[in-house]
Amino acid sequence: MPTFVYMTQCDGCGQCVDICPSDIMHIDTTYRRAYNIEPNFCWECYSCVKACPMHAIDVRGYSDFAPLGHKVRVLRDEDENMIYWKIKYRDGRVKEFSFPIRTTPWGSIKSPSDYEAPGADALSSPLLAHEPTALNVDSLPTLPPKKKTGVMP
Amino acid sequence: MFISNPFAELVAFLPPLFMQAYIVLMIVAVASGTIFDVLHKRSGEFFARQRAKSKAAAKRQLSGMDNVSLAVRTLLKEVLTSGEFHNARRRISHLLLFYGFVLYLVSTIVMVFGYSTQTTVALWPALWNIGALMVLAGGCWFFFFIRVDVAKEGNSPFRLVRADLFIVSLLLSVAFALLWEIVQTGGNLTATIIFFIFYISFSTLLFLGVPWSKFAHMFYKPAAAYQRRVETANGSSDLPTPAGRREGR
């Protein structure tokens with residue numbers, strides 16, 4: 001169920017480009033609007049749908065298992081720190097749900113581009129990007145050094 | 001320099017009728033380019049279909065006064081104050097571009113048609129210069145720092161794509177207009193003619209490029225914003241209603 005963009009609503013702000021964990025939301029070079037460059041690789045995480053301030057991103061259900069006009073729409077309310085969902089079922093029923101999203105204000109978490117780019121030596125490190133500082137710890141536990149095993153005579 | 005009409009001094013090498021005919025041609029080019037754009041991209045058809053869909057799914061019918069009120073709110077928020085931008089930097093840059101362009105355009109038309117052969121009221125050349133500087137300030141800020149290709153995609157600010165046709169032709173047109181005014185004040189006729197040719201060339205590109213550039217967003221963005229307001233007001237929007245505003249609460 002890949003995402004798609006309503007071109008008339010998108011204003012090309014790039015929030016979806018920042019947030020997409022698959023790096024498949026990009027900006028079109030003709031109209032400067034967002035689009036999904038690789039629908040096959042979209043895992044329907046809804047990150048971009050929730051992040052879009054214009055509500056310009058929607059998710060298209062594959063017609064083999066989500067036919068007959070079902071719909072899942074999301075509205076993010078930054079002031080209330082809430083996410084609202086509106087589910088339209090295939091039989092026409094509509095249900096709405098509200099969930100609190102987080103305790104920190106939207107936008108207060110640094111985007112990847114705000115961090116310093118790691119050097120090439122980071123490739124051989126067992127740590128993931130921005131560990132351990134991003135985990136708010138001084139260091140991560142490591143395995144004790146491997147004991148040398150001698151060859152039995 | 002900033003209080004004399006730069007178009008009045010054009011009579012040294014061009015009759016006033018030339019600029020007047022040019023402006024009329026450019027207005028025709030924008031109008032026909034927009035109509036072509038609407039037909040070619042079928043955006044008019046899209047809006048008509050959306051409107052019909054919204055009407056069919058409406059939970060309450062809007063009166064004429066409701067529609068006028070929504071149109072006024074769209075004009076005040078989305079058009080006059082660029083309220084749809086959630087990023088303050090984008091909003092300020094867009095406002096500088098919008099009001100700068102309006103000042104620049106209106107003062108150009110007034111000076112070319114109203115004061116082509118007589119002394120210009122100092123206000124119009126001043127507005128022309130202020131408008132041009134506002135466009136340059138807002139446009140360069142947007143182009144080099146805020147543009148999504150640069151700020152989010154990480155591309156070089158000098159990488160140009162078709163979506164840049166509008167902003168680049170606008171910035172170059174305005175920049176060469178100011179340069180032309182400066183060299184004209186200096187009295188060098190050859191340099192004046194060269195800069196004037198650049199100014200007219202980029203202005204022509206700006207207005208003739210409407211079907212291929214983002215120029216038409218000035219017209220369809222307010223239409224899209226108005227349609228969104230109508231859908232929210234008549235209950236046909238497929239977006240969830242915030243909990244506090246749901247019926248029965």
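**Contacts and buried cores**

Guide: In chain A, 44% of the contacts with a separation of 6 or more join residues 24 or more positions apart, a contact being a pair of residues whose C-beta atoms, placed from the backbone, lie within 7 Å. This is a predicted model, in which local features need pLDDT of at least 70 and side-chain atom pairs count only at pLDDT 80 or more, while totals for chains, interfaces and linings use all residues. Residues are numbered from 1 along each chain as its sequence is written, and chains are lettered from A and ligands numbered from 1 in the order in which they are written.

Chain A holds two helices and seven strands, which are DSSP runs numbered from the N terminus (H or I, at least four residues, for helices; E, at least two, for strands). Their order from the N terminus is β-α-β-β-α-β-β-β-β. The radius of gyration of chain A, taken over C-alpha atoms, is 21 Å, well over the 15 Å that the globule rule gives for 153 residues, so chain A is more spread out than a compact globule; the rule is 2.2 Å times the number of residues to the power 0.38. The C-alpha trace of chain A spans about 75 × 35 × 35 Å along its principal axes. Of its 153 residues, 18% count as buried, a residue being buried if 20 or more other C-beta atoms lie within 10 Å of its own, exposed if 12 or fewer, and partly exposed in between.

The largest nonpolar core has 29 residues, and those with the most contacts inside it are B:Val135, B:Leu170, B:Val174 and B:Tyr199; such a core is a set of buried Ala, Val, Leu, Ile, Met, Phe, Trp, Tyr and Cys residues joined through C-beta atoms within 7 Å. Two or more residues of this core come from each of helix H4 (88–114), helix H5 (123–146), helix H7 (165–186) and helix H8 (189–208) of chain B, and H7(B) gives the most, with eight residues. With neighbours within four places in sequence left aside, B:Val174 is in contact with B:Tyr104, B:Ala132, B:Val135 and B:Leu136. A second, separate core of 20 residues includes A:Cys10, A:Cys48, A:Met54 and B:Ala151.

One further buried residue is B:Met111, with 21 other C-beta atoms within 10 Å, and B:Met111 lies in helix H4 of chain B. Its C-alpha atom is separated by 6.9 Å from that of B:Phe7, 104 residues apart along the chain.

Conventions: Two residues are in contact if their C-beta atoms, placed from the backbone, lie within 7 Å.
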